[in-house]
2 protein chains.
Amino acid sequence: MNSMDYVAVCPPLRAAILTAALLPSALLGAGVAAAQELHEVRPAEGPLVLESRGSFFVGGEQVERTAVELGSMGPDDRITIDQMYVEYMVPDGASKVAVVMVHGATLSGKTYDTTPDGRMGWYEYFVRNRHPVYVVDQIGRARSGFDQSTFNNVRAELTPPGEQPNLLRLADGFGSWTNFRIGPEPGKPFPDTQFPIEAADKLSRQSVPDLLGTSREDNPNWKALSDLALQLDGAVLLTHSQSGPYPLESAIIDAQGIRGIVMVEPGTCNAQVHTDEEIAILAQTPILILFGDHLSSPTGLPGPTWQDRFDDCTALKQRIDAAGGDLRLLTTPETGVRGNSHMMMMDRNNLQIADLILAWIDDKVAR
Amino acid sequence: MNSMDYVAVCPPLRAAILTAALLPSALLGAGVAAAQELHEVRPAEGPLVLESRGSFFVGGEQVERTAVELGSMGPDDRITIDQMYVEYMVPDGASKVAVVMVHGATLSGKTYDTTPDGRMGWYEYFVRNRHPVYVVDQIGRARSGFDQSTFNNVRAELTPPGEQPNLLRLADGFGSWTNFRIGPEPGKPFPDTQFPIEAADKLSRQSVPDLLGTSREDNPNWKALSDLALQLDGAVLLTHSQSGPYPLESAIIDAQGIRGIVMVEPGTCNAQVHTDEEIAILAQTPILILFGDHLSSPTGLPGPTWQDRFDDCTALKQRIDAAGGDLRLLTTPETGVRGNSHMMMMDRNNLQIADLILAWIDDKVAR
């Protein structure tokens, strides 16, 4: 399949056709609101009918901690660490494969919910397209919590300050505006940007300090995602940015539950990291890797550009192809759509991009 | 109205009657699962029909931070702090007042969702009872994020370790088991406990380090809740434990949007903190304060017992009564129900307790 096939199946009309049966006058043609305040949130026009919804955890380890490590209110005691929070919605009449959505650095599961300018996010939209959807907070973030012990030990001067983890935060100017490719410099958008720039300040509200760098060895999210896919009896793992490469590691741990992998603008594809045996495992699962526009624009941060990251994914594709796998590497401009940012699940055409992913899942991952 | 009036309106049968119209074979008589794993989560038997759902933020302040404070990936830049994450569901056919649910210390909005043993929480149950419901993560916690600056400055040895906030965590043995009155000592339940003790370990997974102590002056949650109630054009604020007294402060800031206050086992009622003028303001809003059973059991932690806290609320009631207000102070044993813990939104009879609150709202807060 060449990239132009997606032009045929993925214009906005496809959404109108697909959702028409489920949702009479739905979703599309929404305008632009000023910010993500309550009064600017625009609900869908049709009701959402759920078979079930709720939240649970995957994994977690019980560990002993000292009174100081616990914040000194009680004696030495036990807590749980490394659990993963998962919220979910199963639509009434769900007929498609479960999708697990994982956010990127200094963000939470909120990434996939209502956009900064108040439109429907991918979480609800995939549910309205008959997929059960599971949205996680990465371990060490947001509702998954984190292990506070080293911070309290440093505060008590029991361990040196340098042992305390660095808490990364991607800030508004460079971390978000340039690095997320809203525009070439802070405050200046690309003329064709799809990001709702009037709400760019509001993206900042979604930011959560990041306690678990991409560099951590044996990242516990890898196994938690593999376990979750197994518990769901099969799921597509959809990841973004920092979490982009996680499903590769999850599949190498245990690919049984992983029916498909969708990596949206992965921070890396780790093309040269894996052995040929590992690549042979990855070649068993269909993979879609999706990038937006303006890839070579400077990020404003140290490290690789998005073009560098795309090139790394091209190298991974070559290895997967050579092993007989099915890896689709695509940019949105290849489909005829210009101006998508790194945060394409929040872009004005976020549902059009979702349709592209939904079509790939329909094509590659049978129920 | 004396406490026995609630016996008449609040047995489990009331739930069956109330929900029968909305939800044919619903919710009640659920058994006990072993833990809050996915496979143990039990959905309701009838579909949930939502007019809308999603998430947004209240408040937040844009501040400049140094590269070190940001975790040193980019240059000095701007972030947002003190924003409050809010998720919500509005039922199709909503006919009742909005309810805002606020969790307690070292927890998140997860408190009100699926219980540790996999049953429906108050969030969904109130929605099924026709209330739009808004569940927050307290500022400085979970999806609301926190300001990481002081931690990174300490790590860089720019400020002394003692300037770093203490990160409180209530641990499994004393923080949860005895302090939450599951039983008189860790691992030993009260014979009549309503807490799903086979899932007590799983409660620990919900724990999030707490960066904002109850003692903080000018707690930003107070104004955010007042603002949210205004944005909702009227809401009941339902709080728990640490957040118990927040609505009192919110009402003193601006009571316009606050149609009612439900304080579930408040950590304090601050009976002697407010001026007579402030008490006169609080006397304008109906207030329900609800405590569970075994109040005088030792908490296992320093500080007041729950009986001490109840007594403080009795003192507040006396002041509110004297000012002509309407404060209902109730323990669940007064309604004939024994064994409820501090975490009554997770107890086996959590929907029975919810019915008691729903009946009070119906009675005191007109739409």
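Which residue of β9(B) is the bridge partner of Ile261(B)? In this predicted model, the partner of Ile261(B) is Ile287(B), and the legends below begin with the strands around that pair.

**View 1. Strand β9 of chain B and its parallel neighbour β8(B), joined by four bridges.** Strand β8 spans residues 258-264 of chain B, and the bridges that join this strand to β9(B) run in the parallel sense, with Ile261(B) paired to Ile287(B) among them.

View 2. Strand β9 consists of residues 287-291 of chain B, and because five of its five residues are buried, β9(B) is largely enclosed by the rest of the structure.

**View 3. Strand β1 of chain B and its antiparallel partner β4(B).** Eight bridges join β1(B) to strand β4, formed by residues 84-91 of chain B, and one of the pairs places Phe56(B) with its bridge partner Val86(B) in β4(B). Strand β1(B) is mostly covered, in that nine of its eleven residues are buried.

**View 4. The antiparallel pairing of β1(A) with β1(B) across the two chains.** Three bridges join β1(A) to β1(B), the latter comprising residues 48-58 of chain B. Val49(A) stands opposite Val49(B), whereas Leu50(A) stands opposite Leu48(B), likewise a residue of β1(B).

**View 5. The side of chain A that touches chain B, where 70 residues of chain A are in contact with 70 residues of chain B.** Strands β1 (48-58), β2 (61-65) and β3 (77-81), together with helices α4 (149-155) and α5 (172-178), each supply at least two residues of this side of chain A. The most is given by β1(A), with ten residues, and the residues of the side as a whole divide into 27 nonpolar, 26 polar and 17 charged.

**View 6. The relation between the two copies, in which chain A can be laid on chain B by a turn of 180°.** The superposition has an RMSD of 0.0 Å and involves a shift of 0.0 Å along the axis, which is the relation of a two-fold axis. In chain A, the C-alpha nearest the axis is that of Ala142(A), which is 1.8 Å from it. The same surface serves both copies, since 100% of the contact residues of chain A recur in chain B.

**View 7. Glu185(A), a residue in the loop between α5 and α6 (200-203) of chain A.** With 13 other C-beta atoms within 10 Å, Glu185(A) is partly exposed. Although Glu185(A) and Leu50(A) belong to one chain, they are 135 residues apart along it, and their C-alpha atoms are separated by 43 Å.

Note on methods. Residues are numbered from 1 along each chain as its sequence is written. Chains are lettered from A and ligands numbered from 1 in the order in which they are written. This is a predicted model: local features need pLDDT of at least 70, side-chain atom pairs count only at pLDDT 80 or more; totals for chains, interfaces and linings use all residues. Two residues are in contact if their C-beta atoms, placed from the backbone, lie within 7 Å. Ala, Val, Leu, Ile, Met, Phe, Trp, Tyr, Cys and Pro count as nonpolar, Asp, Glu, Lys and Arg as charged, and the others, Gly among them, as polar. Two strands pair if DSSP finds at least two bridges between them. A residue is buried if 20 or more other C-beta atoms lie within 10 Å of its own, exposed if 12 or fewer, and partly exposed in between; C-beta atoms are placed from the backbone. Copies are superposed by least squares on the C-alpha atoms of residues with pLDDT of at least 70 in both.
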